[in-house]
Amino acid sequence: MNEIVDGPKPKHAQLREILRRLAEQELAPGSPIPSERDLAERYGVSRITVRAAVGQLVADGLLTRAKGRGTFTAKRRYDLQLFLASFTSDMKARGVEPSTEVISCGQAAPGSKASLGLEADEYAYRVVRLRKADGAPLALEAGWYSPHMLPELDRCDLTGSIYEIIATRYGIQLDHARQTVWAETADAETAKALDVRKGSPLLVFRRVASSDGQPCEDVTSWYRGDLYQVTMQLDRTVPGSGPNSAKGGTT
């Protein structure tokens, strides 16, 4: 039903459902929706009613507003995959074309900034890259890499998967990683690289990956908050918990 009628259901709620179907079923991600005035005229409602319906869908994350440009359907969000895989293979598995721009690559002394088991004055490879999905900037990535495990890494073509290089060139299989996630807002430099406004929300991932207990990579990635999300399945209990656990179970 694409008409708004008088009845017990408020008009803004009826319009919200019409626009929800439009955004979910008819328009591609990132498409503009009709203007506030056009919607008011098309459905015979006030602009206040239109604002209420659109505002709720913006709050729900289904629509986004761009100042001076209008309102658009939200772009597709990518779900974090909770397993050890490269950005390149992850994007390809989703049917998305990955690409990478190498911003800088060289040697520097990380000191205590990287968990690579190096001496304080030892150098490591520092690689900064911009990761894209279907041509759109998705993440800014800054990584430290072990010079002992990956000699001459800076001579490799790093526009593809570093994990593939680690496996094929060095014969190393990364088998463990510890990843920490937090939220930040984009500073001016990161915002420019990711093509977002300064202060935009970001999801930050720091991953330390190792092989046979030897740390190989310490990388931090800043992902656009409007294009990336984390979904986790939570069970009621964890191994060793519950009413018969020595730890006393869960609350």
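In which strand does R224 lie? R224 lies in strand β9, where helices (H or I, at least four residues) and strands (E, at least two) are DSSP runs numbered from the N terminus. The model is predicted: local features need pLDDT of at least 70, side-chain atom pairs count only at pLDDT 80 or more, and totals for chains, interfaces and linings use all residues. Residues are numbered from 1 along each chain as its sequence is written, and side-chain values use heavy atoms, with hydrogens and water left out.

The protein chain contains 6 helices and 10 strands. Its C-alpha atoms fill a box of roughly 75 × 55 × 30 Å along the principal axes. The radius of gyration of the protein chain is 24 Å, whereas a compact globule of 251 residues would have a value near 18 Å. This radius is taken over C-alpha atoms, and the globule rule is 2.2 Å times the number of residues to the power 0.38. Of the 251 residues, 40% count as buried. Buried means under 20% relative accessible area, exposed over 50%, and partly exposed in between (1.4 Å probe, protein chains only). Contacts are heavy atoms within 4.5 Å. Among contacts between residues at least 6 apart in sequence, 56% join residues at least 24 apart.

UniProt, in an unreviewed entry, lists residues 9–76 as "domain: HTH gntR-type". UniProt positions follow the numbering used here, feature names are shortened, and annotations may be inferred rather than shown by experiment. Over residues 9–76 the chain is 54% helix and 12% strand. The end C-alpha atoms of that stretch are 30 Å apart.

Strand β9 spans residues 214–224 and is mostly covered. Of its 11 residues, 9 are buried. Strand β9 pairs with two strands described here, β6 and β8. Pairing requires that DSSP find at least two bridges between the strands. Strand β6 (residues 136–145) runs antiparallel to β9 over 7 bridges. Within that pairing, W222 in β9 is the bridge partner of L140. Strand β8 (residues 201–211) is also antiparallel to β9, over 10 bridges. Here S210 stands opposite P215 of β9.

R224 is buried, because its relative accessible area is 6%. Leaving out residues up to four places away in sequence, R224 touches K75, P137, L138, L194, D195, V196, P201 and L202. A polar atom of the R224 side chain lies 3.3 Å from the backbone oxygen of L194. Strand β8 holds F205. F205 counts as buried because its relative accessible area is 4%. F205 and I162 are 43 residues apart in sequence, and their C-alpha atoms are 17 Å apart in space.

The cysteines form 0 disulfides, a disulfide being a pair of cysteine sulfur atoms within 2.5 Å. For C105, the nearest cysteine sulfur is that of C156, 8.7 Å away. C105 counts as partly exposed because its relative accessibility is 33%. C216 is likewise in no disulfide, and its nearest cysteine sulfur, that of C156, is 12 Å away. C216 is buried, with a relative accessible area of 0%.

Note on methods. A polar contact is a pair of N or O atoms within 3.5 Å; within protein, one must be able to donate a hydrogen and the other to accept it, and residues adjacent in sequence count only if both atoms are side-chain atoms.
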